[in-house]
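I opened the notebook to record what I looked up in this structure. The entries follow in the order in which I made them.

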Amino acid sequence: MLLCPKPCYPELLMKGKAEMNVEKKMKKTMIALAGNPNSGKTTVFNSMTGGRQHVGNWPGVTVEKKEGMFTHDTHEITVVDLPGIYSLTAYSIDERIARDFLLREKPNAVVVVIDASNLERNLYLVTQLLELGSNVILDLNMMDMVKSKGVDIDTLKLSAVLGVPVIETVAHKGEGIELLKQAIIEISVEKADSFRIDYDQDIEDQIETLQNAVTLPGYPSRWVAIKLLEGDAEILKRVKDSNAESVILESQAKLERHLDYDLETALVERRYAFLSGLVKESTRKILDLMDRLDISDRIDRILVNRYLGIPIFLAMMWLVFQLVFTLGAPLADGIDSFMVWFGEAVSSGITGMKGPQWLSSLLSDGIIGGVGSVLVFLPNIMLLFLAIAILEASGYMARGAFVTDRFMHALGLHGKSFIPMLLGFGCNIPGIMATRTLESEKDRILTILVNPLMSCSARLPIYVLFAGAFFSRNQGLVIFSLYLMGIVLAIVVARIFKGVFFKGEVAPLIMELPPYRLPTIKGVLIHMWERSSLFLRKAGTIIFLGVVLIWFLASLPLGAEYASEQSVIGKLGLLFAPLLKPAGFGSWQAGVALLFGVLAKEVVVGTLGTLYGVQEAGLTSVIQTQFTALSAYAFMVMALVYIPCIAAIATIKRETNWKWTGLAVGYSLVLGWGLAVLIYQIGALFMALK
Amino acid sequence: MPLSMVRPGQRVRIAEIRGGRGLIGKFTHMGFYPGVEIEVISNRPGPLIVSRGGVKLGLGYGMANRILVSLIP
């Protein structure tokens with residue numbers, strides 16, 4: 001550009017400026033981001049798009065779709081993050097989503113993020129994408145690991161053979177990202193269709209035959225032919241309309257006659273043979289993979305060991321809970337005090353300004369009190385997500401799924417269900433959402449149905465109050481018994497539902513185990529924030545609305561004392577009281593508290609305080625007069641089981657449908673009430689007999 | 001012999017994978033198909049870890065019995 005002799009330089013400069021002014025509007029394009037799980041794809045995505053991300057759903061399914069954006073020069077690039085996949089078969093929903101998107105939306109380019117220390121397996125996806133006709137940019141990520149092994153990759157060779165630009169990056173350090181962005185902008189839209197894996201002559205003959213016999217509009221013909229030979233279920237379905245079926249079967253039969261095993265495996269094998277050759281030619285020192293395996297292996301021999309695996313896992317879990325509860329408690333108390341102070345400040349502020357009483361009440365009692373009781377849990381939840389983010393990033397989470405797989409299997413569940421269950425102890429909402437990683441719909445729904453029995457952190461204050469009032473010497477034990485009961489019930493309910501609704505095998509667990517890695521602080525914090533903010537948003541909006549609703553019901557009819565027996569909500573409580581009598585707590589206050597608990601469990605204790613007209617400190621003594629030890633325990637059991645909060649119900653509906661949501665609500669109500677009654681009645685009988 | 005009976009540290013060659021198409025499809029495309037050499041990293045009733053060229057795969061309950069292998073001396 002600047003190699004012009006002096007005279008014309010100023011002219012060019014002027015011309016250039018004029019052009020720029022015309023082109024001021026952004027050129028918008030869209031690209032897709034693909035790659036294996038654990039390739040660092042997410043890090044690349046985060047590096048490129050910064051905070052400008054939007055999370056949604058792929059249409060029609062509950063798989064998460066992430067979209068982001070970045071600008072470079074005069075270009076505005078939208079980046080669509082495809083799910084982590086290994087290939088483009090029809091076997092998993094993630095892969096189907098990816099290929100549907102690529103075929104329909106035709107992004108300008110597909111950046112494939114590759115773990116460069118694992119070239120062969122990672123490149124498999126690249127070959128699949130190239131056969132699909134995608135405009136690929138190869139991102140060799142984790143180059144730091146490659147270099148530290150003393151391996152040299154001939155990127156020019158890779159680029160030449162595959163016909164794609166190759167960029168080296170170290171995403172977690174941010175290296176190479178600018179070059180990547182540049183490559184994205186510079187990529188020519190006219191792709192060279194030159195890439196072709198040479199399957200053996202016999203196979204190539206049949207590919208040609210099928211190309212001539214079958215056409216599928218919108219799909220590249222060679223790709224379709226290969227998929228048909230592979231036996232791709234989805235493509236076969238689409239082609240069923242034409243009369244090509246016989247041709248397909250004939251081609252398949254012709255080939256299988258010559259092969260030792262099925263046609264699909266032969267095709268896969270051919271691809272890997274090609275890749276093996278390519279990798280050998282492009283890497284100077286064949287990565288001594290035994291080195292790479294060594295450290296992770298040695299760790300695994302201990303952690304996933306026959307005898308130590310489970311104890312170590314339990315120790316990890318205990319550590320997590322310690323972190324969450326012991327560390328979180330002082331922070332939670334801090335927020336609690338702040339909320340109380342804030343509520344009073346607002347209240348007196350409004351009174352001082354001679355504002356209406358109802359406004360003061362709405363703001364102070366209703367909103368601040370209500371929403372405040374949710375925010376109190378934020379530290380606990382954030383710590384839980386932090387712990388989980390660390391476990392995931394370090395690679396231990398995958399091992400955990402395996403250690404628990406056997407146990408889960410006995411319950412009729414999947415090893416991958418353990419993460420949603422674990423999350424459920426913090427809050428059922430992210431727990432339910434985490435079931436998206438389960439591939440089988442049956443397993444997913446079953447895990448969702450049972451998740452609320454994992455006693456969420458919102459129920460804890462209820463236990464602390466009642467156990468503290470009646471079982472002060474054995475407080476910890478009693479609370480633990482409740483958690484345990486939740487788990488036991490989950491097992492029982494899971495088995496029953498499995499037998500009734502989900503007969504059949506649990507999907508087998510096949511999961512890649514990433515090498516152990518030291519988590520980066522940045523990555524972990526981003527993950528933690530992603531999940532926490534989701535929880536905040538969901539819970540916050542619904543709880544906010546719920547709390548205002550409660551406030552209304554408690555303040556009407558006009559003239560009635562706030563949250564008294566005469567108010568609407570008090571009357572509602574009276575309505576339910578007789579139902580609760582057999583469980584030992586037939587007072588209208590208990591009824592109201594439980595009713596409020598439907599909106600959010602965090603609210604129950606505060607509600608009791610309001611209804612009995614005492615601050616939480618005095619609540620213990622009041623409770624001791626209103627309940628007995630037995631009815632207290634029954635109440636706690638009811639609180640454990642009876643119904644998920646509205647936000648959780650909404651999440652269940654979002655992830656499943658009305659039928660399953662109805663079942664979840666129904667069974668938990670019946671089970672909760674039934675158990676509470678049972679415990680109280682049997683206990684009372686026992687005591688009467690003494 | 002089924003993979004479940006192989007001791008950790010052994011190298012074996014995959015002979016046959018028994019199962020429905022969906023079951024083995026993912027496995028195949030990840031590079032684990034008949035003829036391929038793999039190493040057993042850890043094994044016990046249930047979770048089984050194998051590796052092929054630096055890729056470590058965990059196999060859940062029940063999978064190990066469906067994969068038939070031959071020992072490599």
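I take a salt bridge to be a side-chain nitrogen of Lys or Arg within 4 Å of a carboxyl oxygen of Asp or Glu. By that rule I looked up the network that links A:Arg99, A:Asp232, A:Glu234 and A:Arg238.

Ground rules. The model is predicted, so local features need pLDDT of at least 70 and side-chain atom pairs count only at pLDDT 80 or more, while totals for chains, interfaces and linings use all residues. Residues are numbered from 1 along each chain as its sequence is written, chains are lettered from A and ligands numbered from 1 in the order in which they are written, and side-chain values use heavy atoms, with hydrogens and water left out.

Entry: salt bridges. I found 20 salt bridges over all chains. For burial I use these classes: buried is under 20% relative accessible area, exposed is over 50%, and partly exposed is in between (1.4 Å probe, protein chains only). Helices (H or I, at least four residues) and strands (E, at least two) are DSSP runs, numbered from the N terminus.

I checked A:Lys41 with A:Asp81, whose side chains meet in a salt bridge at 2.7 Å, N to O. A:Lys41 belongs to helix 2 (residues 41-49) of chain A and A:Asp81 to strand 4 of chain A, so the pair links distant parts of the chain, 40 residues apart. Both A:Lys41 and A:Asp81 are buried.

A:Asp232 sits in the loop between helix 9 (221-230) and helix 10 (233-239) of chain A and A:Arg99 in helix 3 of chain A, so the pair ties together parts 133 residues apart in sequence. A:Asp232 and A:Arg99 are both buried.

The pair A:Asp200 and A:Arg270 has its closest N and O atoms 3.5 Å apart. A:Asp200 is in the loop between helix 7 (177-186) and helix 8 (201-213) of chain A, and A:Arg270 is in helix 12 (residues 263-282) of chain A, 70 residues apart. Are these two buried or partly exposed? A:Asp200 counts as partly exposed because its relative accessibility is 46%, and A:Arg270 is partly exposed at 25%.

Entry: chain A overall. I noted 30 helices and 8 strands in chain A. Buried residues make up 52% of its 690 residues. Chain A exposes about 31800 Å², of which carbon and sulfur atoms supply 63%; accessible areas come from the Shrake-Rupley method with a 1.4 Å probe, and for residues only the protein chains shown count as cover.

Entry: strands. Two strands pair if DSSP finds at least two bridges between them. In chain A, strand 1 (residues 27-35) pairs with strand 4 (residues 75-81) in the parallel sense over 7 bridges, and A:Thr29 has A:Ile77 as its bridge partner in strand 4. Strand 1 of chain A also runs parallel to strand 5 (residues 109-115) of chain A, joined by 5 bridges; there A:Ile31 has A:Ala109 as its partner.

I next followed an open sheet of 6 strands in the order 8(A)-4(B)-3(B)-2(B)-1(B)-5(B), with antiparallel pairing. Its edge strands are strand 8 (510-512) of chain A and strand 5 (67-71) of chain B, each pairing on one side only. Within this sheet, strand 1 (residues 11-17) and strand 2 (residues 37-43) of chain B pair in the antiparallel sense over 3 bridges, and B:Arg11 stands opposite B:Glu39.

Entry: loops. A:Asp73, in the loop between strand 3 (64-72) and strand 4 of chain A, has a positive phi near 55° although it is not glycine. A:Asp73 is exposed, with a relative accessible area of 61%. A:Lys106, in the loop between helix 3 (93-105) and strand 5 of chain A, likewise has a positive phi, near 45°. A:Lys106 counts as exposed at 57% relative accessibility.

A:Pro452 lies in the loop between helix 20 (441-450) and helix 21 (460-470) of chain A. Is A:Pro452 buried or exposed? A:Pro452 counts as buried because its relative accessibility is 7%.
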